[in-house]
Amino acid sequence: MTTKPKARKFRIKRGSSAEMFRSKAAASESAQAGAVARPEASDAPASGPETVQRTAPVAKPVSPPPSPPERPERPAAPTPAATTSEPAASEPEAGAEGSTDLDAIKREGLTGRQLRMARRVAQKNNLPATSDFDAVRLLRERGIDPFARSNMLELVVPKGSDQDTGQDPVQLPQTIPSRRETLPSPELSPTQRREQEIGAIQRDIMLRRRRKMLLLLARLAFFVLLPTFVAGWYFYRVATPMYSTHSEFLILQADNMGGTGMGGLLSGTQFATSQDSIATQSFLQSKDAMLRLDRDVGFKSHFAQDWIDPIQRLGPDASNEEAYETYRKNVQIGYDPTEGVIRMEVIAADPAIASEYSRRLISYAEERVNHLSEQKRGDQMRDALQGFELAQQERRNAQEALVTLQQRGAVLDPEGVIAALRSQITNVETQLLEKQLQLAALEDNARPNQARVDGVRGDIERLESLLTDLNNRMVDASKGENSLAELNVRIQMAQADLSTRDLMLQSALQQVEQTRMEANRQVRYLTTSVEPVQSQEPSYPRKFENTILAFLIFSGIYLMLSLTASILREQVTS
């Protein structure tokens, strides 16, 4: 490999024109040896007159065109005397170097850079050149050296090139060889043989690619396009049009002003009835609802009609499980927990029947909602009535105990009796003190009135006797089994018990009334926000969407199977 020196200018001292041509001939002697020895060149006789004829145009003096100021001065063309003074061995090489024949120029082994430089020089001199070699020929006919500014290192062909093996050197740009060089021969050249082999390999690769592409198209047509076509034909031609009816309903809870705890926090929201909504949704999607719908309006008989396509039609003796599968496909129910709304879509072959199915299912849901709260309300009412009856019985027992205590001492109000005795004792003691003071005032006189003194003394005695009796009665009332104090305490306890039983009876009565009010109204009730309406156009099947979906499904299955097969093949081969 020859590395070109990188320099902006080359200042090479040029000698005479004869020395220049001799140096060129000597430099290209080894490069032209293989080209002269080729069969195309050996067929033509290298005679002396022909050589002189080829060198004649170069030997005649021609004034060179004016060069640019920076270009070095161009040497003049050699004279005939100088040409004839060259040794005989160098005349053929010089003639080949300055030949004006296209074939000889092509055999010179010019580099791409030399040819491009010749084309640029021809364009500067306004020469009508049809190719790079033609530009070299026209410049030489004009007496202009096309390689005046060429680097001398580029003219040297490295050893071991194609010229040593007798083959044409591969230079760029290449031109199409003439017909004279491509005549048929019994033996092909290595270049032609290589081209034929490359062409055969390319044709083999093209045929292999075409065969693989055809096989791929066949597999896609069989595994993807054909099933998609069958599915589309079914959706467009065979499938029975189905009509759908949409409806929406929700479950509400009655306002409970007395709710406390978590129930009071969740009352009035969708979370308070979420369990009932989920239970209603489960019931509408159950086999129980399907059997009830079949008993009322004939669900099986509708989907077992002959004019329904075989895929959607039920058999004449279809079991409940088969009918339930059809029911789940044609009755779609969804619950939105954020809004608390239950959405239902019923599909049937007749719009009127679809609407009737929807109304029936809503009525079933309403009955089920009422049944869900009925047991709870019944239990609450029964418990309230039992509590009220127990409160009445306890109050009656307390009242009977009070009456028994009052009858035991023959005194209706012992406390009043004791209070009366106390007031009497106090009154007697007051009168006794007054009489004693009056007696003391009479005795203070020197000559008291004896009658009055005796009368006051008699009053004092009587009052003392009465006070003694009252004290005895008070003592008898506070002591013993039948004492008024003990009787009074028992009566007070009985009265307190009676008051408590009265409050309990009142509370039980309020509970009964509140439970009766909640039982009279629906604690959970279903309201329909969107009524079912008959549709005028069929909703199913969705022909285009289902066909595209079938294509995507079959494509995905084929892709998955092909990838699996490729991986298994690679594992087996490795």
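This is a predicted model: local features need pLDDT of at least 70, side-chain atom pairs count only at pLDDT 80 or more; totals for chains, interfaces and linings use all residues.

**Entry 1: a loop residue.** Then I looked for N126 and found it in the loop between α8 (112-124) and α9 (132-141). N126 is not a glycine, yet its phi is positive, at about 55 degrees. Is N126 buried or exposed? Exposed means over 50% relative accessible area, and N126 has 67% relative accessibility, so it counts as exposed.

**Entry 2: the sheet.** Next I traced the strands. I found an open sheet of 4 strands in the order β2-β3-β1-β4, with antiparallel pairing. Which strands stand at the edges? They are β2 and β4 (524-530); each has a single partner strand, so one side of each has no neighbour in the sheet. On average, neighbouring strands here are turned by 25 degrees against each other, direction ignored.

**Entry 3: pairing, strand by strand.** I went through the pairs in turn.
- β1 (residues 243-253) pairs with β3 over 8 bridges, in the antiparallel sense.
- β2 (residues 331-336) runs antiparallel to β3, and 6 bridges join them.
- β1 and β4 are also antiparallel, with 6 bridges.

Over in β4, T528 stands opposite F249.

**Entry 4: helices on the sheet.** I then asked what packs on this sheet. Helix α12 (residues 274-284) does, touching β1, β2, β3 and β4, and its direction makes about 170 degrees with that of β2. Helix α15 (residues 320-330) packs on the sheet as well, touching β2 and β3, at about 50 degrees to the direction of β2.

**Entry 5: back to β3.** How many of the residues of β3 (residues 341-348) are buried? I noted 7 of 8, so this strand is mostly covered. The hairpin of β2 and β3 has 4 residues between the strands, and there G340 takes a positive phi near 75 degrees.

- F222 lies in helix α10 (residues 190-238) and counts as exposed, with 53% relative accessibility. F222 belongs to a nonpolar surface patch with F223, L226, F229, V230 and W233, and together they have about 670 Å² of accessible area.
- S355 sits in helix α16 (residues 351-408) and is buried, with a relative accessible area of 1%. Leaving aside neighbours within four places in sequence, S355 is in contact with T245, P532 and Q534.
- S499 is in helix α19 (residues 484-520) and counts as partly exposed, at 42% relative accessibility. S499 and A398 are 101 residues apart in sequence, but their C-alpha atoms are 8.8 Å apart in space.

Entry 6: Last, I checked the bond from Y540 to P541. This peptide bond is cis, with omega near 0 degrees. P541 itself is in the loop between β4 and α20 (543-573).

Methods:
Residues are numbered from 1 along each chain as its sequence is written. Side-chain values use heavy atoms; hydrogens and water are left out. Buried means under 20% relative accessible area, exposed over 50%, partly exposed in between (1.4 Å probe, protein chains only). Helices (H or I, at least four residues) and strands (E, at least two) are DSSP runs, numbered from the N terminus. Two strands pair if DSSP finds at least two bridges between them. Axes are lines fitted to C-alpha atoms, for helices over the stretch in contact, and angles run from 0 to 180 degrees between N-to-C directions. Contact means heavy atoms within 4.5 Å. Patches are made of residues with over 30% relative accessible area and no salt bridge: like charges are joined within 9 Å, nonpolar side chains (Val, Leu, Ile, Met, Phe, Trp, Tyr) within 5 Å. Accessible areas come from the Shrake-Rupley method with a 1.4 Å probe; for residues, only the protein chains shown count as cover. A salt bridge is a side-chain nitrogen of Lys or Arg within 4 Å of a carboxyl oxygen of Asp or Glu.
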